[in-house]
Amino acid sequence: MATAQVGVVILGAGPAGLVLGNLLLERGIDCVILERRSRAAVEGRARAGFLAAHSVRVLTEHGLAAGLMARGKTHTTCLFRSDRGEFTLDYGKLGQGEAHTVYPQQELVRDLVAEYLRRGGEIRFGAEAAAVTEGTVRVRGGADVTGRYVAGCDGHRGTGRAALTARGVRTARRDHGVSWLAVLAAAPPSLEAVGYALHERGFAGHMARTATVTRYYLQCPRGTDPADWSEDRIWDELVTRMRAAEFGPLREGAVLEKTVVDLRSDVLAVPGAGRLWLAGDAAGLISPSAAKGANLAVLQAESLARALEAALAQDDRTGLARYAADCLPRVWRAHEFSHWMSGLLHGPVGADDEARYTRELQYARLESLRTSRAHQDFFAENYTGI
Ligand code: RFL
């Protein structure tokens, strides 16, 4: 049985759905968010942390940045380590001179939920979209919800994407063939900045989150079971790959969370059709090697809000057609950089001639980044930009 029709039914209360919901309410468009998980689960899910300058601008312009302004940290440097030494890139002084704001995704989600509710929006937690047909969303175990438009912001395994691919929309995809053990540690950062360590045992990464929590990554074989990684094994491996003996100790702490992330990327050929439009991971998944996913979600949510406003207020669908045309080139540029970063960070395993050739290419790329101002500017522009 269908309930009354709203302007936009949004699937998913992640960064994409919540930014979109807030921007629609700001424009006076009624919407309802359907989120399959509980509020506590959504607000406690630690994932991204690096917000590009563009994301911060969007959030600030629309009154969504109070928390990140108060508690976010500005980062303008990152460092690279290998057996050939260490160097820091002050990317805040390179390229466009832009910075990252480090603010844990779960805190951003918490702020966005609070603001959405304050603006009078409705979120139904525990409401899983089972299918989307035209403007109607079938909710598992509940009443159907109908909107003039449906925004699929329910991630890359969501119902929105499934409905679109069932209609024949193609996907371009790549499996990077690499996995990361993503570790969240109750430990202060060990470095001032982001640290990328190249090692013959595999990549290791250090990402500051807050004064008491740090994220680490360890490249691991596909199919790795996180349960095989004890706390001691994680720290031993991080100490080795981050070359702590040479460059300084790591500040260790309890492991709060460990998950395996397979590095995969894909982009839908068009992010919507008819009454169903997608944003965020639903429209395309990007490997976390350059920390772009949440930033693309914000970018797309902003563009989609503008397009939906025109479609709803003036019955003008040209904005929706332009949504794809405007976003896709920027999405692909982020994918290109992410892919480049993946090649920089992940060396081959093994010591045969081909592995040695690829590893030397990796070092040549790193050396070019260390010494060439032109290369550094290009890196900075893509690293902070979206
Ligand atoms: P989300 O955040 O996955 O939210 C989708 C929401 O939809 C809900 N859902 C449904 N609701 C109703 N019905 C259904 N059928 C549903 N199916 C799903 C889900 O419960 C969820 O609440 O997608 P969104 O909004 O597109 O946001 C994308 C970002 O979350 C993602 O791209 C980033 O987290 C990626 N990422 C990073 N991005 C950055 O920009 N910077 C980073 O530093 C960064 N670090 C990361 C990351 C992702 C990681 N993992 C876990 C893959 C680090 C990690 C470890």
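User: A salt bridge is a side-chain nitrogen of Lys or Arg lying within 4 Å of a carboxyl oxygen of Asp or Glu. How many salt bridges does the rule find across the interface of domain 1 and domain 2?

Analyst: This is a predicted model, in which local features need pLDDT of at least 70 and side-chain atom pairs count only at pLDDT 80 or more, while totals for chains, interfaces and linings use all residues. Residues are numbered from 1 along each chain as its sequence is written, and side-chain values use heavy atoms, with hydrogens and water left out. By the salt-bridge rule the count comes to 25. Across the interface of domain 1 and domain 2, the number found is two.

User: What distance separates the centres of domain 1 and domain 2?

Analyst: The bounds come from an automatic or database domain assignment. Domain 1 covers 6-73 + 100-173 + 264-340, and domain 2 covers 177-262 + 347-384. Taken over C-alpha atoms, the distance between the two centres is 29 Å.

User: Which residues of domain 1 lose the most area to domain 2?

Analyst: Buried area is the accessible area (1.4 Å probe) that two parts lose on being put together, summed over both. Between domain 1 and domain 2 the buried area is about 1800 Å², and carbon and sulfur atoms give 55% of this. On the side of domain 1, three residues together account for 33% of what that side buries. They are Arg264, Phe337 and Trp340.

User: Which element supplies the largest share of the side of domain 1 that touches domain 2?

Analyst: Contact means heavy atoms within 4.5 Å, and 18 residues from domain 1 meet 20 residues from domain 2. Helices (H or I, at least four residues) and strands (E, at least two) are DSSP runs, numbered from the N terminus. At least two residues of the domain 1 side come from each of strand S7 (100-102) and helix H10 (318-345). The largest share, three residues, belongs to H10.

User: Which residue forms a salt bridge with Glu107?

Analyst: Side chains of opposite charge can pair when their charged atoms come close. In this pair the closest N and O atoms are 3.3 Å apart. Glu107 lies in helix H5 (residues 105-118) and its partner in helix H4 (residues 66-71), so the pair ties together parts that are 36 residues apart in sequence. The partner of Glu107 is Arg71.

User: Which are the edge strands of the open sheet of eight strands, each pairing on one side only?

Analyst: Two strands pair if DSSP finds at least two bridges between them. The order of this sheet is S6-S5-S13-S14-S15-S12-S16-S19, with mixed pairing. The edge strands are S6 (85-89) and S19 (284-285).

User: Which residue is the bridge partner of Val267 in S19?

Analyst: Strand S16 (residues 254-268) pairs with strand S12 (residues 171-186) in the antiparallel sense over 13 bridges; in this pairing, Ala182 stands opposite Thr259. S16 is also joined to S19 by two bridges, and these two strands run antiparallel. In S19, the partner of Val267 is Gly284.

User: In the open sheet of three strands, what is the order?

Analyst: Strands S3 and S7 pair in the antiparallel sense over two bridges, and Leu51 stands opposite Thr101 in S7. The edge strands, which pair on one side only, are S3 (50-51) and S4 (73-75). The pairing in this sheet is antiparallel, and the order is S3-S7-S4.
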